[in-house]
Amino acid sequence: MPTTYFHNPRCSKSRAALALLQARGVEPQLVAYLEQPPTIAELGTLLRQLGLSDARALMRQGEAEYKELGLDNPALTQEALIAALAAHPRLIERPIFIHGERAVIGRPPERVLELL
């Protein structure tokens, strides 16, 4: 079954979750999402795979960029929030492990094992 991993090698949680997968023989396709941000369409698919109906659940709301961009405004549409994620990939919660048609945010890192 195809596996994909949205990875930030500078993030300790991302490194830890990847190590857990690799220890179980899983070598996912790594996506350096900060260098190759997902498209709006890919983010829509990712939200569906994660079972999220609100794009804010995929956002790192503690980032200064979140406040600076006014993304806490409740009047923003889902389309606007997804566009912000595509334009500012640092805001994407990490890591994300995709296994087949399902995905999970690896916080804590052990969550990635739920899909195996």
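**View 1. The exposed pair R48 and E101.** R48 is exposed, and E101 is exposed as well (exposed means over 50% relative accessible area, buried under 20%, and partly exposed in between, with a 1.4 Å probe and protein chains only). The model is predicted: local features need pLDDT of at least 70, side-chain atom pairs count only at pLDDT 80 or more, and totals for chains, interfaces and linings use all residues. Residues are numbered from 1 along each chain as its sequence is written, and side-chain values use heavy atoms, with hydrogens and water left out. A salt bridge (a side-chain nitrogen of Lys or Arg within 4 Å of a carboxyl oxygen of Asp or Glu) joins R48 to E101, with the closest N and O atoms 3.5 Å apart. R48 lies in helix α2 (residues 40–50) and E101 in the loop between β3 and β4 (102–105), so the pair links distant parts of the chain, 53 residues apart (helices, H or I of at least four residues, and strands, E of at least two, are DSSP runs numbered from the N terminus).

**View 2. The salt bridge of R107 and E93.** The side chains of R107 and E93 meet at 2.9 Å, N to O. R107 counts as partly exposed because its relative accessibility is 29%, whereas E93 counts as buried because its value is 16%.

**View 3. The salt bridge of E114 and R111.** These side chains meet at 3.3 Å, N to O. E114 is partly exposed because its relative accessible area is 48%.

**View 4. The surroundings of R94.** R94 touches N8, C11, Y33, R60, I105 and R107, not counting residues up to four places away in sequence (contact means heavy atoms within 4.5 Å).
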